[in-house]
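Here is a short report on one protein chain. Have the viewer open while reading.

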Amino acid sequence: AIRLTAASIGLRYDQGATVSNVMEARRSGGLLLQFTSWLTTPLARVPAEVSWRFDSDVARARFASDLRLTTRPAEEPSMVTDPRGQLVLVPGVVGATVDVDGLVDQLEHIDLIAPPGHFDATLVDLLPTVSDAAARDEVARLTLLTRAGIRISVKGEAVRLSGEHLRSHLIITAHHGHIDAGFDLASLQDGLEAHFRKPVSPPIKPILRVVDGDIEVLEAGRPPQVCCDPGSAGVIANLILTGQAPPFIPVVLRPRGLEDPIQRAYADGSLIVEQVSSFTTKHSCCENRVKNIHRIADIVDGIYLLPGEVLSLNDYVGPRTADRGFVAAGAIRGGIMTAEVGGGVSQFATTFFNAAYFAGFDFVEYRSHSIYFSRYPYGREATISTPGPDLVIENTTGFPVLIDTDYTETTITVSMYSTQHIIIDELEQRTARRRACTHVETDRRRTYDDGRVVVDTIVADYRPAEGIDCNGKPIIEPAV
């Protein structure tokens with residue numbers, strides 16, 4: 001039982017027409033009858049018609065909006081993707097609703113002076129607005145459009161989205177006699193990006209320099225680029241639904257910059273704010289080895305190391321040859337002092353080693369000089385040569401680091417710039433005899449701003465003298 005007001009279903013009492021009817025009833029007959037009627041008004045009853053109006057459009061709209069009149073909604077046909085990735089039709093279901101036309105017809109003939117107590121409504125089938133046949137045709141069309149899948153290329157990296165994958169993101173909506181087919185663009189975008197798990201292009205590092213202790217950004221970098229531009233899913237959806245997807249040629253999509261604020265800070269250099277370590281060693285003026293020290297310092301100056309990056313001095317600097325600006329100078333080869341092009345760069349290696357030590361870097365590969373030189377910290381130094389030994393460091397600090405070099409005629413300085421967040425303490429040093437050689441261990445403690453503490457040990461091994469091995473015997477120079 002549903003109770004409705006007369007006004008809500010389009011019934012209106014027409015006051016103006018009713019008054020006119022009353023006045024007309026009083027004025028009927030000749031002048032004498034009208035005069036007599038006027039005299040007897042307090043005692044007489046004059047019949048007059050009461051006027052009503054019925055607006056069937058209002059009634060239909062009211063019934064259409066009343067969900068109580070639908071006893072069982074119709075279900076439009078739909079589709080699902082089966083486990084094999086195929087589209088399957090789900091047929092529509094016929095519902096039941098009140099016969100609105102029958103109700104309106106009863107209202108058009110209602111006597112509102114003596115209305116009935118109720119109206120009996122009958123139920124009629126409520127059909128889906130879209131037929132199963134039309135939905136089946138749409139399923140067939142979408143299956144055909146997605147059958148071949150689509151090939152995608154971003155910065156030269158190509159993948160194929162299969163038909164099964166595409167269909168898993170399809171949406172069909174049937175309503176008001178129409179079928180709307182489209183893609184869930186958000187899930188399609190996520191699915192697309194899942195096919196490109198790695199960045200499609202590496203980051204571009206900023207170019208920085210240090211001027212009088214201040215950091216200047218000469219050129220901003222760029223975060224790594226990933227798949228894909230936010231509008232990529234829309235591009236793919238449009239190509240598929242309009243049948244324009246090329247069967248063999250990849251669709252080229254644009255990448256987007258990684259929006260991670262940390263990666264953006266790595267790229268713009270904003271985390272290079274202060275000097276976190278610096279180390280200087282001295283040397284005599286004007287020797288050939290000084291030219292080599294200055295040359296390698298110039299090559300290394302300005303290196304920008306991202307967190308997790310590994311730097312090999314040998315690989316980065318390359319061969320120390322005459323055509324690259326290096327000259328012959330003293331070097332240690334097999335425990336014996338000799339002269340070779342590039343000699344003396346080990347002093348830069350020791351300076352670099354100590355700057356990295358106090359910046360908190362990890363050492364992947366290093367070796368001390370086989371002979372101790374008093375110009376270096378005892379047990380805390382390194383050498384490089386070709387093809388080895390090498391000095392390899394890893395930026396495990398968690399922040400980007402800018403390497404700055406500076407020199408005078410008698411000094412070489414290597415400084416590290418970053419964000420200070422590690423306190424470095426050198427702990428005890430231990431020495432031990434290994435036959436005629438000396439083994440040195442130096443402990444380092446790194447205390448991070450999150451409270452984490454890491455202790456490691458630097459080692460060095462020294463021969464008793466030039467040309468003497470650890471058995472105390474002379475080293476035989478190899479034949480040239």
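Is histidine 176 buried or exposed? The model is predicted. In it, histidine 176 is exposed, with a relative accessible area of 70%. The residue sits in the loop between strand S10 (170-175) and strand S11 (178-183).

Its backbone deserves a look too. Most residues other than glycine have a negative phi. Histidine 176 has a positive one, near 50°.

Arginine 435 counts as exposed, at 60% relative accessibility.

## Two cis peptide bonds

Most peptide bonds are trans. Here, a cis bond joins cysteine 227 and cysteine 228, with omega about 5°. Cysteine 228 belongs to the loop between strand S14 (225-226) and helix H8 (232-241).

Another cis bond links threonine 386 to proline 387. Omega is about 5° there. Proline 387 lies in the loop between strand S22 (362-365) and strand S23 (392-394).

## The four-stranded sheet

Four strands form an open sheet in the order S17-S25-S24-S18. The pairing is antiparallel. Which strands stand at the edges? They are S17 (274-282) and S18 (304-305). Each has a single partner strand, so one side of each is left without a neighbour in the sheet.

S18 pairs with strand S24 (residues 401-407) over two bridges, in the antiparallel sense. Leucine 305 stands opposite valine 401 in S24. Helix H10 packs on this sheet and touches S24 and strand S25 (411-418). The direction of H10 makes about 155° with that of S24. Helix H12 packs on the sheet as well, touching S17, S24 and S25. The direction of H12 makes about 150° with that of S17.

## H10 against H12

How do the two helices meet, and at what angle do their axes cross? The axes of H10 (residues 288-300) and H12 (residues 345-359) come within 7 Å and cross at roughly 45°. That makes H10 oblique to H12.

On the H10 side, the contact uses Arg289, Asn292, Ile293, Ile296, Ala297 and Val300. On the H12 side, Val345, Gln347, Phe348 and Phe352 take part. By class, the contact residues are seven nonpolar, two polar and one charged.

The largest nonpolar core has 37 residues. Phe352, Leu391 and Met416 touch the most other members. At least two residues each come from S17, H10, helix H11 (313-317), H12, S24, S25 and strand S26 (422-434). H12 gives the largest share of this core, nine residues.

Now return to leucine 391. Leaving out residues up to four places away in sequence, leucine 391 touches residues including Leu311, Leu313, Ala349, Phe352, Phe353 and Phe363. Its contacts also include Ser312, Glu365 and Tyr366. Ala382 and Ile384 are contacts of leucine 391 too.

## H7 against H8

Helix H7 (residues 185-194) and H8 pack at an angle of about 105°, and their axes are 8 Å apart. H7 and H8 are therefore roughly perpendicular to each other.

H7 brings Leu185, Leu188, Gln189 and Leu192 to the contact. H8 brings Ser232, Ala233, Gly234, Ile236 and Ala237. These contact residues divide into six nonpolar, three polar and no charged.

## Threonine 408

Where is threonine 408 found? Its place is the loop between S24 and S25. Threonine 408 counts as partly exposed, at 38% relative accessibility. With neighbours within four places in sequence set aside, threonine 408 is in contact with His283 and His294.

Threonine 408 and glycine 102 are 306 residues apart along the chain. Their C-alpha atoms are separated by 105 Å.

Methods:
Residues are numbered from 1 along each chain as its sequence is written. This is a predicted model: local features need pLDDT of at least 70, side-chain atom pairs count only at pLDDT 80 or more; totals for chains, interfaces and linings use all residues. Side-chain values use heavy atoms; hydrogens and water are left out. Axes are lines fitted to C-alpha atoms, for helices over the stretch in contact, and angles run from 0 to 180 degrees between N-to-C directions. Angles under 35 degrees count as roughly parallel, over 145 as roughly antiparallel, 65 to 115 as roughly perpendicular and the rest as oblique. Contact means heavy atoms within 4.5 Å. Ala, Val, Leu, Ile, Met, Phe, Trp, Tyr, Cys and Pro count as nonpolar, Asp, Glu, Lys and Arg as charged, and the others, Gly among them, as polar. Two strands pair if DSSP finds at least two bridges between them. A nonpolar core is a set of buried Ala, Val, Leu, Ile, Met, Phe, Trp, Tyr and Cys residues joined through side-chain atoms within 4.5 Å. Buried means under 20% relative accessible area, exposed over 50%, partly exposed in between (1.4 Å probe, protein chains only).
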